[in-house]
Amino acid sequence: MYFERFDPLQGQCLQILDPMGKVQEDLRPDLPDSRVKQLYERMSVMRLADQMAMSLQREGGMGTYAPFYGQEAAQASAAFLQPADWMVPSYRETGALFLRGVPLANLYRYWMGDERGMLMPEGLRILPIAIVVGSQPLHAVGLSWAMKLKGEKAAAVAYFGDGASSQGDVHEAMNFAGVFQTPTVFLCQNNQFAISLPRKQQTAAATIAQRASSYGFPGLLIDGNDIFAVAAAMTEALADVRAGKGPRLIEMLTYRLGPHTTADDPTKYRASGEIEKYKPFDPLLRLRRYLESRKLWDETAEKDLVQRGQAEVEDAAKKAKAIAPAVPDDIFAYTYRTLPPYLKRQQEDLRAFLKEQAAVEAHHG
């Protein structure tokens with residue numbers, strides 16, 4: 001319905017919830033208010049979790065961090081995956097991973113430099129975060145092709161940004177997916193910046209979604225700050241690919257209110273008034289307006305949510321800090337069943353060095 005009705009080649013964009021919180025009922029997906037309320041609550045906790053990660057980085061607890069401030073609705077796309085589906089995240093998916101079921105303490109621990117934070121809970125079909133820009137679609141297509149060969153009725157969802165869409169790897173992944181009709185959902189969060197490079201300097205195409213037609217499958221451009229549009233697009237795309245109808249591309253148009261990562265300063269490359277222009281489209285603000293219009297939310301509920309959410313993220317941060325550091329031998333532990341000789345020598349050298357350092361420290365008291 002949505003993929004057929006909204007053609008990105010015609011510049012059409014799916015929006016169901018407007019900035020004032022009003023829903024266009026004839027486009028509304030099967031999303032009851034109880035579910036909407038639950039999503040609002042988790043998206044709000046997502047934002048608090050994001051803010052906590054920024055604080056941890058600023059106080060020296062993390063080396064770097066990629067925030068998702070303003071992209072909570074797009075991150076909530078993970079809520080529409082089924083257990084058998086695979087999620088293939090980029091580094092900006094802290095909110096989506098949290099919603100999928102990865103403990104927040106694990107995610108904080110990962111950004112503190114501990115790879116054990118990417119050990120997924122048993123049964124969760126999620127690949128570890130790949131920092132390499134644009135690698136996620138390749139991995140998702142490989143996964144989904146394997147699922148197709150095995151006869152699994154499930155999808156692999158590749159998360160990537162508009163900057164990644166300029167990478168050759170993304171083109172190759174989509175081309176392969178189109179040729180072999182893999183059950184892949186390509187989910188592009190277009191936050192309009194590839195680090196400091198604005199969208200208009202990344203591609204001459206009017207939309208990223210329209211590229212799907214050249215690969216032989218449908219694409220859809222949606223308002224990525226509209227949780228109803230996210231739900232509609234994800235539900236339809238996932239159902240189609242699970243049914244063997246081939247891949248789908250969803251471009252979620254959003255806006256990055258924060259920096260690319262904590263390592264850059266967006267005031268150096270965008271005008272000060274630009275952020276103010278996008279704040280009325282905040283995914284939480286418009287969703288709260290919707291709930292309030294239905295008498296499902298008020299100031300008291302908001303205060304209670306913030307209090308509970310803050311306690312949740314503080315507890316996660318406390319747990320992350322309390323985890324004992326990994327032992328140095330972990331560097332060698334997880335790639336090979338039997339270490340090749342050159343790595344065995346490096347392991348022995350490291351152990352000898354650490355033993356020597358410990359002796360020196362003991363000598364100096």
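**Helix packing and a loop residue**

The model is predicted, so local features need pLDDT of at least 70 and side-chain atom pairs pLDDT 80 or more, while totals for chains, interfaces and linings use all residues. Residues are numbered from 1 along each chain as its sequence is written, and side-chain values use heavy atoms, without hydrogens or water.

Helix α2 spans residues 33-58 and helix α12 residues 299-322 (helices are DSSP runs of H or I, at least four residues, and strands are runs of E, at least two, numbered from the N terminus). Their axes come within 9 Å and cross at roughly 45 degrees (axes are lines fitted to C-alpha atoms over the stretch in contact, with angles from 0 to 180 degrees between N-to-C directions). The contact (heavy atoms within 4.5 Å) includes Y40, V45 and L48 of α2 and L305, R308 and V313 of α12.

Residue E152 lies in the loop between α6 (136-150) and β2 (156-161). E152 is partly exposed, at 24% relative accessible area (buried is under 20%, exposed over 50%, partly exposed in between, with a 1.4 Å probe and protein chains only). Neighbours within four places in sequence aside, E152 touches R125 and M147. E152 and P183 stand 31 residues apart in sequence, with 9.6 Å between their C-alpha atoms.
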